[in-house]
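Start with the view below, then read on.

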Amino acid sequence: MRPVVWRNAGSQTAFQLRPGASIEVTNANPDLAGAIAGALSDLGYDVQRVSQPSGSADGAILTEGTASRSHEDRHWTALQAAKAARRNSGVIILLQGAELFSGLEGLSRTLRKEWPDTQVCAWTIAATAAAQVVHGVQQGYADGIITSSGELLSAEAGVSIAPPSSVPTAKTSVWLITGGARGVTAACAIELARAAGGTILLAGRSAETPWPADLPPTDDLKTLRGLLVERSRQTGQRVTPAEIDRTARNLLAGNEIRETLEAIRATGSRTAYIPLDAGDIDAVADVLRDAQQKFGAITGWVHGAGVLADKLAMDKTESELRRVFSPKVGGLMNILAAIDPVQLRHIAFFSSAAAFFGNKGQADYAMANALLASAGRSLAQSLPPARVKVFHWGPWAGGMVDSALAGHFEAQGIPLIPVDEGARIFACELLGGGQDQIELVVGEAWATS
């Protein structure tokens, strides 16, 4: 486990665009684009303002990440502009506003893996700081935050630290855990219940489907499919294989939810499961209002919701990006709108190593998780009494990692995080980790792949 540290990058350079080079600046933020284009033209660059890059310029500066649009729109249009701007040996600069939650560094890190012939970087700047951008072009800055004085702050994984040998205790009375009734997040919820007690509210999209009385218990998907097929034959029902699979998965999900609730109750904590689509703003507002009326103010929040839609960036669709952003980014914003952040004493966001290192096929997932890190840093500044943690998880030995994927990671020399160990690290850091260590890279990651 390594904390993320932000350091002055000094004189490190990632690219060279000398005066005379052709540069296209997108008009998504017209005022900023005009200021950048004018300043670069004065320095001798051949600058054109465009609605969409042509892919023929030496460099492209994309202002989509600074526009006043929804998170999904900003990140989708930035991805589209980057695809249009791609050129062998070209430079693509993604701009994002410091005042906005944004995750374009996740995109730049991923695109550098998918497009090794193109230099891509993401800069966080003040909304109207054209001078910062011009200075960054002259210096050839890599990813990072460009300060008002023109310095580049870059993120890197610091020296490895060991978690405490035992989980500290804490008293946060009511916890909300999104995506927390199944998989690795459930293991974290159980560990948290042991240490913190109180009330654990698990929220997820799966229904707590009851187990049919006429079916023997099993936790094996293949076996359950067979049982459902045999039952349909006996009853004379005509059921498609897709319906059989869907029913089997729903039944197993319901079982897993009940097992998690039982494990939490065994710790002495109170718990309840709340069916909830975190991406539905109206549902979040209604459900959390009712939950707080019943259980009390939510003072701890663990945001573990997320879905995947892996595909190379050039093939990504808008619907896929929105599907990935909905639970993770939409859920983040909807929950922040539904509860008063000032009441929170513990906040944990489940990010991915893909956000910190990039990962082929996961541009949307990397952006969504990098945005969580951006939100975590912002909340840590605005809520000094709270302990805020962003976990950039490597692959776990469970959850979305099946035997085939585990073999893929093993072939790359990437060990999986044992579920018990990952849950212990989570609880140790959230309850007792240093408040100055906001982001943590947990597990070995694909830094060079």
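## Helices α5 and α13

The crossing of α5 and α13 is right-handed. A crossing is right-handed if the near helix is turned clockwise from the far one by less than a right angle, and left-handed if anticlockwise. This is a predicted model: local features need pLDDT of at least 70, side-chain atom pairs count only at pLDDT 80 or more, and totals for chains, interfaces and linings use all residues. Residues are numbered from 1 along each chain as its sequence is written, and side-chain values use heavy atoms, with hydrogens and water left out.

Helix α5 spans residues 183–196 and helix α13 spans residues 419–432; their axes come within 9 Å and cross at roughly 50 degrees. Helices (H or I, at least four residues) and strands (E, at least two) are DSSP runs, numbered from the N terminus. Axes are lines fitted to C-alpha atoms, for helices over the stretch in contact, and angles run from 0 to 180 degrees between N-to-C directions. α5 and α13 are therefore oblique to each other. Angles under 35 degrees count as roughly parallel, over 145 as roughly antiparallel, 65 to 115 as roughly perpendicular and the rest as oblique.

From α5, A187, C188, E191, L192, A195 and A196 meet V419, A423, R424, F426, A427, L430 and L431 of α13. That contact has 11 nonpolar, no polar and two charged residues. Contact means heavy atoms within 4.5 Å. Ala, Val, Leu, Ile, Met, Phe, Trp, Tyr, Cys and Pro count as nonpolar, Asp, Glu, Lys and Arg as charged, and the others, Gly among them, as polar.

## Helices α5 and α7

α5 also packs with α7, at an angle of about 15 degrees and with the axes 9 Å apart. The two helices are therefore roughly parallel to each other. Their crossing is right-handed.

G183, A186, A189, I190 and A193 in α5 meet E256, T260, A263 and I264 in α7. By class, this contact has six nonpolar residues, two polar and one charged.

## Helices α6 and α7

The axes of α6 (residues 221–235) and α7 (residues 241–266) come within 9 Å and cross at roughly 125 degrees. That makes α6 oblique to α7. The crossing of α6 and α7 is right-handed.

L221, L224, R225, L228 and V229 in α6 meet several residues of α7, including I244, D245 and T247. The contact divides into eight nonpolar, one polar and three charged residues.

## The second largest pocket

How many residues line the second largest pocket? There are 19, and I145, S374, R377, S378 and Q381 lie nearest its centre. α11 gives the most to this lining, with four residues. By class, the lining has seven nonpolar, seven polar and five charged residues.

A pocket is an open set of points on a 1 Å grid over the protein atoms alone, where a 1.4 Å probe fits, with protein on both sides within 12 Å along at least five of seven lines; lining residues have an atom within 4 Å of a point.
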